[in-house]
2 protein chains.
Amino acid sequence: MISISKTKFIHSLQKKRVRDETRLYVIEGDKLVKEFLKSGIRIRLLAAKPEFIDSLLPEEKAAIDNIELAGIDELKRISSLKTPHNAVAVVPFPEYGTDFDVILENLCVALDFVQDPGNLGTIIRAAAWFGIKDIVCSQNCVEVYNPKVIQASMGAILNIRIHYAELGSLFSLALKRNLPVYGALLEGESIYSLEPEDRGVILLGNESKGISGDLIPFITKKVMIPRFSSPESGPDSLNVSMAAAVIFSEFARRRI
Amino acid sequence: MISISKTKFIHSLQKKRVRDETRLYVIEGDKLVKEFLKSGIRIRLLAAKPEFIDSLLPEEKAAIDNIELAGIDELKRISSLKTPHNAVAVVPFPEYGTDFDVILENLCVALDFVQDPGNLGTIIRAAAWFGIKDIVCSQNCVEVYNPKVIQASMGAILNIRIHYAELGSLFSLALKRNLPVYGALLEGESIYSLEPEDRGVILLGNESKGISGDLIPFITKKVMIPRFSSPESGPDSLNVSMAAAVIFSEFARRRI
């Protein structure tokens, strides 16, 4: 039985303002909670069905500050999902700095004004799959601790560092270091013929507006995914997360 | 001012049963409605803001059976979206048959138990981008005329034929014709080294369960997207629509 104050507290974390103040957010689902435990993150509060709690190892239980038994009705009250999972946990924001010099040591991703939480979550998941370590989001991107982003990222948030920063500064430093800034546009060099470098930035833009006009001058290589349908018919773009997956795959396949 | 009976009728098309009975469904958004008109499909009913109706050409208006002026509150009542677009239209199901012989003349896609409407919509959009003409869905896939599928497909539904059929029969015919059935799995040949044929079937499975056990024996070539993160950490799969985009891209790039 979770107290009313704890229920209210977990529920309040659906608000970005509260997340920012407390530097805590909510993860949901048996698998996700176990992955967080496996990764060594301390869980502040776990509300879960008895069978989930019983399935935890002693050392896993020891990494949780506060364990609360919850029934389905209580889980419904604290969950952001229509059909809640067996476990809901409160976890701290990860602690890592944003150092452009470190970020630029590997191929990284920059997102300009990506607004849909599902898109950001699936981009994080695809980036993790293809071995990317850092994603730098413009300040007007959707917040990474939004429950829908966490849900769509399927635990990949554990493997990627997500930064929020002014993208122009990142690009300026990349250019100073002589590193390429690849911009995903509808026109440019085909990603199939591109010979990508090992380091640099892949820039992806907003779902409907593409890359902001003021960021275009930083792009050193415009790239596009060729379209195989006739130009008179068919979609005029790919969804940003699908485009991301195809581009990440193209960069990764050259590394084999 | 739309009559109450018309409002109720449009709203009723959010139910699959009503769509199946009437063979009608709803599309939303200025761009989508214009694309439907451009493609020559007759629109049964259009409810839209005056400025949208004014923007239509005489020949476009002539292709609409019933035009109704609507204010924002009326659009809210008939829309499936929280923030309705300027135009909502009722259109007929497309009329095309399901002939496996015709479908197998090109590379086609088979979807097994894809349940999320956003995934089906984005798979349709990616398939159209990469020049695929037919998608065969198992009977337990989400219905293509679900408003969320239509929204996510972004008009690509005009360029792809979507069929619902028992997949085993499609695969049996493919095997009889000596055509490959490519199954997207977590293990198999890397799609990067694969030499795909021009014809055949690409089979993709359910979001969490993958391809059904009873369909596995039909697969002639198991394919997988290599993972570039360490196996101890990182996501254990890609979202099905992201996997679809990467695989379609790999098949398409060999055709250049």
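Student: Where in chain A does A:Met154 sit?
Tutor: A:Met154 is in the loop between helix H9 (147-153) and strand E7 (161-164) of chain A. Helices (H or I, at least four residues) and strands (E, at least two) are DSSP runs, numbered from the N terminus. Heads up: this is a predicted model, where local features need pLDDT of at least 70 and side-chain atom pairs count only at pLDDT 80 or more, while totals for chains, interfaces and linings use all residues. Residues are numbered from 1 along each chain as its sequence is written, and chains are lettered from A and ligands numbered from 1 in the order in which they are written.

Student: Why is A:Met154 called buried?
Tutor: A residue is buried if 20 or more other C-beta atoms, placed from the backbone, lie within 10 Å of its own, exposed if 12 or fewer, and partly exposed in between. A:Met154 has 23 such atoms within 10 Å, so it counts as buried. Its phi is near 50°, a positive value in a residue other than glycine.

Student: And B:Asn178, what makes that one exposed?
Tutor: B:Asn178 has 10 other C-beta atoms within 10 Å, so it falls on the exposed side. Its place is the loop between helix H10 (167-176) and strand E8 (181-190) of chain B.

Student: What makes A:Phe36 count as buried?
Tutor: A:Phe36 has 21 C-beta neighbours inside 10 Å, and therefore counts as buried. You'll find A:Phe36 in helix H3 (residues 30-38) of chain A.

Student: Which residues does A:Phe36 contact?
Tutor: Two residues are in contact if their C-beta atoms, placed from the backbone, lie within 7 Å. Leaving aside neighbours within four places in sequence, A:Phe36 contacts A:Ile27, A:Ile41, A:Ile43, A:Ala89, A:Val91 and A:Leu158.

Student: What about H3 in chain B: which of its residues are buried?
Tutor: In H3(B), those are B:Leu32, B:Val33, B:Glu35, B:Phe36 and B:Leu37. Their cover includes strand E1 (24-28), strand E2 (45-48), helix H5 (58-62) and strand E4 (87-92) of chain B. After H3(B) comes B:Gly40, with a positive phi near 90°.

Student: Why is B:Val201 buried?
Tutor: B:Val201 has 27 other C-beta atoms within 10 Å, so the buried label applies. This residue belongs to strand E9 (residues 200-204) of chain B. Not counting residues up to four places away in sequence, B:Val201 touches B:Cys108, B:Ala110, B:Leu170, B:Phe171, B:Ala174, B:Val181 and B:Tyr182. The C-alpha atoms of B:Val201 and B:Ala110 are separated by 6.6 Å, though the two are 91 residues apart along the chain.

Student: At what angle do the axes of H8(B) and H11(B) cross?
Tutor: The axes of helix H8 (residues 117-129) and helix H11 (residues 240-253) of chain B cross at roughly 10° and come within 9 Å. That makes H8(B) roughly parallel to H11(B). Angles under 35 degrees count as roughly parallel, over 145 as roughly antiparallel, 65 to 115 as roughly perpendicular and the rest as oblique. Axes are lines fitted to C-alpha atoms, for helices over the stretch in contact, and angles run from 0 to 180 degrees between N-to-C directions.

Student: Which residues meet there?
Tutor: From H8(B), B:Asn119, B:Thr122, B:Ile123, B:Ala126 and B:Ala127 meet B:Val240, B:Ser241, B:Ala244, B:Ala245 and B:Phe248 of H11(B). By class, this contact has seven nonpolar, three polar and no charged residues. Ala, Val, Leu, Ile, Met, Phe, Trp, Tyr, Cys and Pro count as nonpolar, Asp, Glu, Lys and Arg as charged, and the others, Gly among them, as polar.

Student: Why is H11(B) said to be largely enclosed?
Tutor: 13 of its 14 residues are buried, so H11(B) is largely enclosed by the rest of the structure.

Student: How many residues of chain A contact chain B?
Tutor: 31 residues of chain A are in contact with 31 residues of chain B. H11(A) gives the most to the side of chain A that touches chain B, with seven residues. That side has 17 nonpolar, 11 polar and three charged residues.
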